[in-house]
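Here is a short report for someone meeting this structure for the first time. Please look over the sequence and the model before reading on.

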Amino acid sequence: MIASVFDSVVSIGQRRVVVRRNGSDVEMVELPWGLQPREPGGRALTVIRAEGRTFPDHRCLVPASEFRHRSRGKRYGFSLADGDWFYFAGIWRPATREWPEAYVILTIEANEDVAPFHDRQMAVVRRKQRMAWLDRTCREDQLLRPLPAGSFKVSRLRDEPRQAELTF
């Protein structure tokens, strides 16, 4: 399984491995991030609010070891405090004439660890819950909810070094 850092400031269309059902099988496929905008010329959707919604089909999981977020001009990394990797709950859509097959990640209210940096977060699914998401064996509101306080280790990330500027 490929579980890597997920940086939320990457460009639309970045490809990642997602896990989804294909009939009775589970498959890993590489899809671009972002669904077709509703209006012509609109912005592609990269996240969808999960609260109050059901997702009866086209569910997927995006493996990750950490997610990164920018807050007040600083960059932060969020990984599980126990060191385990996880998934983001997502949905995918088949290709259309105008848009390739692609996925989005679902968002929920931020847990207590993420809340000082942002009021929303991507919905984290623990590895032991992965089949419950893919197989719809529990309701969305039971699975897509903030993890308990202390679930995430938060680290401040260093800014990328800038090239030295010459002054005359």
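Predicted model: local features only at pLDDT ≥ 70, side-chain atom pairs only at ≥ 80, totals over all residues.

Residues are numbered from 1 along each chain as its sequence is written, and side-chain values use heavy atoms, with hydrogens and water left out.

## Nonpolar cores

In soluble globular proteins, nonpolar side chains tend to be buried together. A nonpolar core here is a set of buried Ala, Val, Leu, Ile, Met, Phe, Trp, Tyr and Cys residues joined through side-chain atoms within 4.5 Å. Buried means under 20% relative accessible area, exposed means over 50%, and partly exposed lies in between (1.4 Å probe, protein chains only).

The largest core holds 24 residues. Phe 6, Phe 67, Phe 88, Tyr 103, Ile 105 and Phe 152 have the most contacts inside it. At least two residues each come from strand 3 (25-32), strand 5 (59-71), strand 6 (74-80), strand 7 and strand 8. Strand 5 gives the largest share, four residues. Strands (E, at least two residues) and helices (H or I, at least four) are DSSP runs, numbered from the N terminus.

What does Phe 6 touch, leaving aside its neighbours within four places in sequence? Its contacts (heavy atoms within 4.5 Å) include Trp 33, Val 62, Phe 67, Phe 88, Tyr 103, Ile 105 and Met 122. Arg 16, Glu 66 and Arg 68 are also among them.

A second, separate core has 20 residues, including Ala 50, Phe 55, Ala 102 and Leu 144.

## Ring pairs

Rings of Phe, Tyr and Trp (its six-membered ring) pair if their centres lie within 6.5 Å; planes under 30 degrees apart count as stacked, over 60 as edge-to-face and the rest as tilted. The whole structure has nine aromatic pairs.

Tyr 76 and Phe 117 form a tilted pair, 4.4 Å centre to centre with 45° between the planes. Tyr 76 sits in strand 6 and Phe 117 in the loop between strand 8 and strand 9, so the pair ties together parts that are 41 residues apart in sequence. Both Tyr 76 and Phe 117 are buried.

Phe 117 also pairs with Phe 78: the ring centres are 5.5 Å apart and the planes lie at 70°, so this pair is edge-to-face. Phe 78 belongs to strand 6, and the pair links parts of the chain 39 residues apart. Phe 78 is buried too.

Ring pairs join Phe 67, Tyr 76, Phe 78, Phe 86, Phe 88, Phe 117 and Phe 152 into a cluster.

## Salt bridges

Side chains of opposite charge can pair when their charged atoms come close. A salt bridge is a side-chain nitrogen of Lys or Arg within 4 Å of a carboxyl oxygen of Asp or Glu. The count comes to 11. The table gives three of them.

| Salt bridge | Closest N to O |
|---|---|
| Arg 21 and Asp 135 | 2.7 Å |
| Arg 68 and Glu 66 | 2.8 Å |

Arg 20 lies in strand 2 (residues 15-22) and Glu 101 in the loop between strand 7 and strand 8, so their pair ties together parts that are 81 residues apart in sequence. Arg 20 is buried, at 7% relative accessibility. Glu 101 is partly exposed, at 25%.

Asp 135 lies in helix 1 (residues 130-135) and Arg 21 in strand 2, so this pair ties together parts 114 residues apart in sequence. Asp 135 is partly exposed, at 30%, and so is Arg 21, at 26%.

Arg 68 is partly exposed, at 23%, while Glu 66 is buried, at 14%.

A network of salt bridges links Asp 82, Asp 84, Arg 126 and Arg 127.

## Two single residues

Trp 92 lies in strand 7 (residues 86-93). Its relative accessible area is 12%, so Trp 92 is buried. Beyond its neighbours within four places in sequence, Trp 92 contacts residues including Arg 20, His 58, Glu 101 and Tyr 103. The C-alpha atoms of Trp 92 and His 58 are 5.4 Å apart, although these residues are 34 apart along the chain.

Asp 113 lies in the loop between strand 8 (102-109) and strand 9 (120-122). A polar atom of the Asp 113 side chain lies 3.0 Å from the backbone nitrogen of Ser 151.

Key:
Polar contact = N/O pair within 3.5 Å; in protein donor to acceptor, adjacent residues only side chain to side chain.
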